[in-house]
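Dear colleague,

Please find below the structure for your review. My notes on what was found in it follow directly after.

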Amino acid sequence: MEFSLVGVPEETKRSVTPAESNSEPDVRNIIIIGSGPAGLAASLYASRAHLDPLLLTGDDIGGQVSLTSEVENYPGFPDSITGPELVQKMQEQAEKFGTVVHIDTVTAVNLESYPFKLSTYERDYKARALIIATGASHRKLNVPGEERLIGRGVSYCATCDGWFFNGKEIVVVGGGDSALEEGIFLTRFASKVTIIHRRDELRAGKTLQKRAFNNDKIDFIWNTVVEEIVGDEKVNGVRLHNRVTGEDSFFPTEGVFVFIGHTPNSQLFEGQLEVDDHGYLVVDRHYMTSKEGVWAAGEVADSTFRQVITSAGMGASAAIMVERWLGEKEEIGA
Ligand code: NAP
């Protein structure tokens, strides 16, 4: 059974049951875990190579880019494209060539057995080759009030939640591309966006910096960290600490958008695949992990570039290598 990947309501994600029985699973040529640009590009290439790929989407369908307001640097879209639209187009293209998409999340893997074994919420699978494209998740501030006030003024997604802050004064935490890009997007709704950064120099690219500095609705607070998000039922402010002057202050706001980077989603493979000091899967120059037959693509294995195009490129490359590897092993099934 094939499912539409984009725009699936939260409550239905785990209730979709694939058509296959849960008895002894068939052996698939390739299973791709994760549905961001890396997973979708891998699916496109694997389906065009007649490997009949199965894509298991995971909970965060479409990956981080589906939460991104505007993608301005993906070639072929000179007028930019929204994250959800780009993901939808990638999905359509992969499905057109035969990728089967299951909305399901992998809960366990066994890479010691071959074919590799996977379990999801719904059933078990076996695969001759795997591409891990599980991406990365947004980092949290880990300050008092943050967890409790998620959905009550604390957000990690401007596209999802910006609308709720129409005419309001909000803060954005972070100094990278995400903070600036999403901060600029949020000025469509908010009357004022104050970007709070822990240093006095932004990490974001110069183009975004220029756009943010030229935006009348954007202010900056430098050298400052958020120590607490304050509010009972909803956010009413943040407690700040200036790291240079040592001054503590309270800044009133109704919305706190946190864009302070990401951590790789590699926990599922702990103890079975090599990871670096920050949890990124270690891959060789052809994106094979420490286990032969298992590749990784996108942000779960990339701490350097982390762009939509580089993730898609890794996914395509990994799929090409899978095709060659299975071909050499004469393992490709019908
Ligand atoms: P990032 O580049 O890692 O930046 C994270 C920002 O958050 C940094 O400014 C960092 O401060 C700050 N930060 C980290 N931990 C913090 C904490 N605990 N408290 C306060 N501040 C904290 O992450 P990103 O902006 O999400 O970008 C991720 C990747 O996606 C990057 O490679 C970026 O280029 C890419 N991206 C590209 C675009 C685009 O090209 N249009 C858009 C979005 C993202 P420091 O600077 O002091 O370390």
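In what follows, a residue is called buried under 20% relative accessible area, exposed over 50%, and partly exposed in between, with a 1.4 Å probe and protein chains only. This is a predicted model, in which local features need pLDDT of at least 70 and side-chain atom pairs count only at pLDDT 80 or more, while totals for chains, interfaces and linings use all residues. Residues are numbered from 1 along each chain as its sequence is written, and side-chain values use heavy atoms, with hydrogens and water left out.

Salt bridges

A salt bridge is taken as a side-chain nitrogen of Lys or Arg within 4 Å of a carboxyl oxygen of Asp or Glu. By this rule the count comes to 7 salt bridges. One of them joins Lys-140 to Glu-147, with the closest N and O atoms 3.2 Å apart. Lys-140 counts as partly exposed because its relative accessibility is 27%, whereas Glu-147, at 51%, counts as exposed.

Arg-239 and Glu-228 also form a salt bridge through their side chains (3.3 Å, N to O). Arg-239 belongs to strand S13 (residues 235–242) and Glu-228 to strand S12 (residues 224–231), so this pair ties together parts that are 11 residues apart in sequence. Helices (H or I, at least four residues) and strands (E, at least two) are DSSP runs, numbered from the N terminus.

A further salt bridge links the side chains of Lys-234 and Glu-254 (3.9 Å, N to O). Lys-234 sits in the loop between S12 and S13, and Glu-254 in the loop between strand S14 (248–252) and strand S15 (255–258), so the pair ties together parts that are 20 residues apart in sequence. Lys-168, Lys-234 and Glu-254 are linked in a network of salt bridges.

Domains

The domain assignment, which is automatic or from a database, gives domain 1 (10–137 + 262–329) and domain 2 (154–258). Their centres, taken over C-alpha atoms, are separated by 32 Å. Contact, meaning heavy atoms within 4.5 Å, involves 6 residues of domain 1 and 9 residues of domain 2. Across this interface the rule finds 2 salt bridges. The side chains of Arg-188 and Glu-70 meet in a salt bridge as well (3.3 Å, N to O).

Helix H5

In helix H5 (residues 206–213), Leu-208, Gln-209 and Ala-212 are buried. Lys-206, Thr-207 and Lys-210 are exposed on the other side of H5. The cover over the buried residues of H5 includes helix H4 (177–186) and strand S11 (218–221).

With kind regards
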